[in-house]
Amino acid sequence: AIPGVKQTLAALRRAGKRCFFVTNSAVKTPAEFADKFKKLGVDDAASPQDIYATNTATARWLASRNLKVVYCIGEGGLPSEMERAGIEVLGAAADSGRQLAPAEYHKLKLDPRVQAVVTSHDSGLNYYKLALAGLYLRSLIGETSSSNTTSKYDPAAVAAARSQAAGGLATRPDCGAVGTPRLFVSTNPDVFTPTEGGVFTPGGGLTALALAASTGRGAPDEVI
């Protein structure tokens with residue numbers, strides 16, 4: 001912990017201030033962050049309500065657009081916070097152990113209810129998740145298999161739709177409707193993550209970059 005941080009927080013609270021903690025990490029839940037602060041000696045008084053992580057921000061953003069079902073590449077706090085916001089989450093840990101041979105790609109089935117693909121750091125990332133998420137992004141809401149997407153999905157049309165409004169595809173009145181492109185959402189753009197000992201590991205932003213390149217989407221519609 002940074003020297004003096006615990007005392008500083010205590011002094012702020014004695015002065016009647018409420019202290020909030022903001023992080024772009026999506027892996028831990030607010031409760032897990034509060035517990036980590038206590039274990040590290042950062043703050044004994046922090047509660048989950050004092051912590052605003054990018055997983056909470058993502059869940060609230062999706063809920064504000066009335067999106068009900070998403071495919072998630074992420075772990076821990078991200079699917080947990082989305083479910084807490086009333087969003088049905090497909091993928092995530094459930095797909096971490098799944099395998100896919102190239103010859104089986106055409107057999108992938110899509111859930112037609114999925115309205116968005118949400119990506120973040122995922123230590124269980126595999127080819128299956130990337131292939132399925134990419135298929136969702138190359139198809140339209142309501143489609144169920146890879147066999148009916150080639151003629152209907154046009155990356156250039158998606159790019160044009162994104163540029164129609166200043167805020168992009170997510171601001172369209174028909175956002176999330178059947179027959180429209182699925183939203184592409186990333187919790188943060190970080191391509192690497194610092195860990196203990198000064199080692200840098202791949203970050204959640206790499207997943208978004210891979211999908212953006214392989215689907216022709218160019219970039220996520222929204223980076224939280």
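Colleague: What should I know about the model before I start?

Modeller: The model is predicted, so local features need pLDDT of at least 70 and side-chain atom pairs count only at pLDDT 80 or more, while totals for chains, interfaces and linings use all residues. Residues are numbered from 1 along each chain as its sequence is written, and side-chain values use heavy atoms, with hydrogens and water left out.

Colleague: What counts as a pocket, and which residues line it?

Modeller: On a 1 Å grid over the protein atoms alone, a pocket is an open set of points where a 1.4 Å probe fits, with protein on both sides within 12 Å along at least five of seven lines; lining residues have an atom within 4 Å of a point. Grid points are joined across faces, edges and corners, and the volume is the space filled by probe spheres set on the points. Here the largest pocket has a volume of about 580 Å³. It is lined by 20 residues, and the closest to its centre are Ser25, Lys36, Thr193, Pro194 and Thr195.

Colleague: Which elements give two or more residues to that lining?

Modeller: Helices (H or I, at least four residues) and strands (E, at least two) are DSSP runs, numbered from the N terminus. For the largest pocket, the elements are α2 (30-40) and β7 (192-194).

Colleague: How does the lining of the second largest pocket divide by class?

Modeller: Ala, Val, Leu, Ile, Met, Phe, Trp, Tyr, Cys and Pro count as nonpolar, Asp, Glu, Lys and Arg as charged, and the others, Gly among them, as polar. The second largest pocket holds about 190 Å³ of space, and its lining has six nonpolar, four polar and four charged residues. Three of the lining residues, the largest share, come from α4.

Colleague: How many disulfides does the structure hold?

Modeller: A disulfide is a pair of cysteine sulfur atoms within 2.5 Å. The structure holds zero.

Colleague: Is cysteine 72 buried or exposed?

Modeller: Buried means under 20% relative accessible area, exposed over 50%, and partly exposed in between (1.4 Å probe, protein chains only). Cysteine 72 is buried, because its relative accessibility is 0%. Cysteine 19, at 7%, is also buried.

Colleague: Where is alanine 92 placed?

Modeller: Alanine 92 sits in the loop between β4 (88-91) and β5 (116-119). Its phi is positive, about 55 degrees, although it is not a glycine. With a relative accessible area of 5%, alanine 92 is buried.
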